[in-house]
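Here are my notes on the model you passed along. Have it open while you read, and skip to whichever point you need.

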Amino acid sequence: MPAIPITKSPQPAATKPDQIRNFCIIAHIDHGKSTLADRMLGITGVVEDRNMRAQYLDRMDIERERGITIKSQAVRLPWRSGLDNQDYILNMIDTPGHVDFTYEVSRSLAACEGAILLVDCAQGIEAQTLANLYLAMENNLTIIPVLNKIDLPAAQPEKFAEELANLIGCKPEDCLRVSGKTGEGVEVLLDQIVKQIPPPVGDLSAATRALIFDSVYDSYRGVVTYVRVVDGHLSPRDQIQMYSTGVRHEMLEVGVISPEPMASNGLGVGEVGYLITGVKDVRQSRVGDTVTTYNNPAKIALAGYKDPKPMVFSGLFPLDGAEYPMLREALDKLQLNDAALVFEPESSAALGFGFRCGFLGLLHMEIVRERLEREAGLTLISTAPSVVYKVTLDDGKKIVVTNPSEYPDGKIAEVMEPIVKATILAPSEFIGTIMELCQQRRGAQKGMDYLSEDRIEIRYTLPLAEIVFDFFDQLKSRTRGYASLDYEPIAEEAGDLVKVDILLQGEKVDAFSQIVHRDKAYAYGVSMTGKLRDLIPRQQFEVPIQAAIGAKIIARENIRAIRKDVLAKCYGGDITRKRKLLEKQKEGKKRMKMVGRVEVPQEAFIAALTTDSDKASEKKK
Amino acid sequence: MKLAFYIHVPYCSKRCGYCDFNTYTPSELKITSGLDGISGAYIDLAIREINLAKNKIGQDITVGSIFFGGGTPSLMQPLDIGKVINKIKSDFHLTDSAEITLEVNPDSVDKYKLSKFLEVGVNRLSFGMQSAVPHVLKTLDRTHNPENLIKVTGWAKELGFNEISVDLIYGTPGESMQDWQQSIDSAISLPISHISAYALIVEPGTKLAAQIKRGDIEQLDDDLTAEKYIVADKSFSTAGFHWYELSNWAKNDSKSQHNLSYWNGENWWGIGPGAHSHINGDRFWNVKHPNTYKEKLQKNELPIQDFEILQASQIESERLMLSIRLTGGIETKSLNNQQIQDLSTYVKTGHLNLSDWQNGRATLTLNGRLIADRIVREILL
């Protein structure tokens, strides 16, 4: 049995680089990465069977529920190779699978020498996995192709082995076949990790350089910084120094994760672990920075990462205005762990005080919102997502617009919008539908390749705004869920864009304003006014709903005045019941937002701002 | 202390499809012999409860009204009804002018039985008419022949009942404006002095609710129901019936004294299973099932299921909720500034009467009556 007891395995700070293998797993959501990781924890013996719970490494409820990984993780696995009977330490660095978290992936990649490309052999590779695969190849990582879920009846390992071989230039028989669920093939995989992935290379005697690949705020311990030592070593007695800021910190603890944090005697070349310095703010322990020692600081920093830039903006407002300070606190706290999240205060006539937040993408936005609601107990309204527009006025003045309500009225010389390169993988039978959708969304086709006989890769450039507006949902529903999408920003282009305002009783509702392409303004106006007509309850007066570009009305609906709001009977036993009913209704009224004289239920805002009514449930499937 | 008595009779020979009242049919009670034998036994229990009420609140009490409701109180034997009246008369001070109402199912009486009710002291009859249109009655699952109303009210008048009322229901699915007008015209042609007209409410758990849910019967149309209210108010007024409560219209002095005591927040004691009582800010209500009711009384215990002691703010909320429904409305000097401000928008929209408002009262206009709940929600405490 190649599992070795942790106490007898090579110990941190006393493990030679050639005994170490650092790897990550690149996989799409649902392709079984967490199950495989769980299986590795079990087989290497770091988690006893009785302590095993599904998706052990996913720390957050959201991660476990949605089956996705948001933050990276690093686990030290001792392993005695079945090939040479030697003891090794495998550091598994878990990476998020979603396109929004590419920046997290790139951090993890920089800490590894190899990557497992994990593909569900009932589904084949997905667009986002492909993007991460290219990223890994650019980083010169050794790729081990692995087909997962071979236990499934629908598994087609031959077909997808062919596909993977074409993509990475290996032979189909080089693809390993495993089942994370049954454990089949996992030991072979662990042996192959040892065999194929090169050990880390570093200078033991040089000044210490360790790369920060993650930095997590823990309410008990302060900031926990995850590092990969490149040169030299870190010991518990060191005073460390951040290369970028030159700030010195006391080392309170250094250790490894296996899979719970375990203090150690230090970390040597090639090792992966954590350090705690008592710092309370992740920004003082910035991801991508180089950790060195105060006594013998390194002269040259390790290559870091580019700061991720928010691509999608949305307003977040507390349902109950009194929760605004709590929202600020919760956002501050979330930012400690999420350098990609930006926000600034925003006030809306319709929704009150809130924050304009910038996200990496739609999933990032959804997850931040969900965490705020769940972890801080807030109830939030988010406005329709918007991208960054660069507007040049006739007088040459330039404005950056991330919020439709700030879009200038008239006198616009030019509007630049972000353009992305989108890659879509799908069964070839959907070529027609996918092209049709992309054309509708102002796409320009850039190429198409067959991955295998019946699977294609289609490349388009598209305005990001079109992707943000329910593109993914449309793509999924039109391809019965088979298509996958990846995109990355490539340029900015001028667009014929206009702002559509929505008016209730002649009053503009800023939360509903949207910047859209001129050709789609009418359709947007008709759909929004129609939706609101169905969502806003009748008032004691008539409420016209209009959509307008500037002063020009492009669509109109009407909510008729309510005629009857009274219960006819009110005798002895009815009195208590009726009082309670009225009190309850009055309570419900407090959850209404007043837009001028019109009472708009929160649900109307939420529903109107959701591009597709069954979107939320769709994502959770 | 002034007190009104409500006597609940929780029996019906058949349950109507829209009804969710606390009433029981012979089959629900597993009585094979019908309801004929039930009168004496039930009235004995009611009398026991009156006795317990007397022990609790004392005898220094003036009773201004008694109301026999149901259920179908006209199923009871007139002599049994008389026993209840006599019991109240002997235990408390029943005024000479006390209003004593009996709800009557037009199918369940003949002229002789009506004469006996008069003899034992009943002086006001309230007939369940609901509609004059056969297909509407069928949807409501009522069994009576609309012609019966002419007959029974005629007998009542001949026998010397001066206060006769009918109940109407409007807004039944499938009821056209013409149908409703026919019911109105039919009601105002009867020898009566009082009309209660209620918009149909589909109560959860009723047969009607299930039929609507299945799609066998169409949904209610609130806009059409509002039109029907307006039409009814117009016809009733023309015929000399003036509204004094949102769903009640009366000729001259024929307002229901008993019901006014509910709406004026006065004290009443409800006798019978599920009946509610209100004594000086305390509300309590009886156990619902006749069998539990019987068990409690046989042990000589008050059959109270639960109670609620109203806080000052709740008493005030109820006052607003009830008095807004009356012609007199709410005196604005009893309101705070916020409430006055909230109500003033309804004066502007024509839902509250402008000249009454200027004279210090918030009273509902015809359109205001239709959204009374919306208005009162604004000012609820």
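Which strand does Lys593(A) lie in?

1. Start with that lysine. Lys593(A) sits in strand β30 of chain A, residues 592-595. Strands here are DSSP runs of E with at least two residues, helices are runs of H or I with at least four, and both are numbered from the N terminus.

2. A word on what you are looking at. This is a predicted model, in which local features need pLDDT of at least 70 and side-chain atom pairs count only at pLDDT 80 or more, while totals for chains, interfaces and linings use all residues. Residues are numbered from 1 along each chain as its sequence is written, and chains are lettered from A and ligands numbered from 1 in the order in which they are written.

3. Back to the lysine: is Lys593(A) buried or exposed? Lys593(A) counts as buried, because it has 22 C-beta neighbours inside 10 Å. (Buried takes 20 or more other C-beta atoms within 10 Å of a residue's own, exposed 12 or fewer, partly exposed anything in between, with C-beta atoms placed from the backbone.) Beyond its neighbours within four places in sequence, Lys593(A) is in contact with Ala350(A), Leu351(A), Val600(A), Gln602(A) and Phe605(A). Contact requires C-beta atoms, placed from the backbone, within 7 Å. The C-alpha atom of Leu319(A) is 8.9 Å from that of Lys593(A), although 274 residues separate them along the chain.

4. Chain A as a whole. It has 15 helices and 31 strands, and 48% of its 621 residues count as buried. Among contacts with a separation of 6 or more in chain A, 71% are between residues 24 or more positions apart.

5. Now strand β25 (residues 497-504) of chain A, which is mostly covered, with seven of its eight residues buried. Four bridges tie β25(A) to strand β27 (residues 514-517), antiparallel, with Lys499(A) partnered by Ile515(A). Another antiparallel pairing, also of four bridges, links β25(A) to strand β28 (residues 543-549); there Ile502(A) stands opposite Ala547(A). (Strands pair if DSSP finds at least two bridges between them.)

6. β25(A) also has two bridges to strand β26 (residues 507-508), again antiparallel, and Leu504(A) stands opposite Glu507(A). These two strands, β25(A) and β26(A), form a hairpin with two residues between them, and Gln505(A) in the turn has a positive phi of about 50 degrees.

7. Have a look at the open sheet of eight strands in chain A too: its order is β10-β9-β14-β7-β8-β13-β11-β12, with antiparallel pairing. β10 (248-250) and β12 (261-263) of chain A stand at the edges with a single partner strand each, so one side of each has no neighbour in the sheet. On average, neighbouring strands of this sheet are turned by 40 degrees against each other, direction ignored.

8. Finally, the two chains. Helix α13 (residues 574-590) of chain A and helix α16 (residues 372-379) of chain B have axes that come within 10 Å and cross at roughly 70 degrees. Axes are lines fitted to C-alpha atoms, for helices over the stretch in contact, and angles run from 0 to 180 degrees between N-to-C directions. α13(A) and α16(B) are therefore roughly perpendicular (65 to 115 degrees; under 35 is roughly parallel, over 145 roughly antiparallel, the rest oblique). Leu582(A), Gln585(A), Lys586(A) and Lys589(A) meet Asp373(B), Val376(B) and Arg377(B) there.

Conventions
Two residues are in contact if their C-beta atoms, placed from the backbone, lie within 7 Å.
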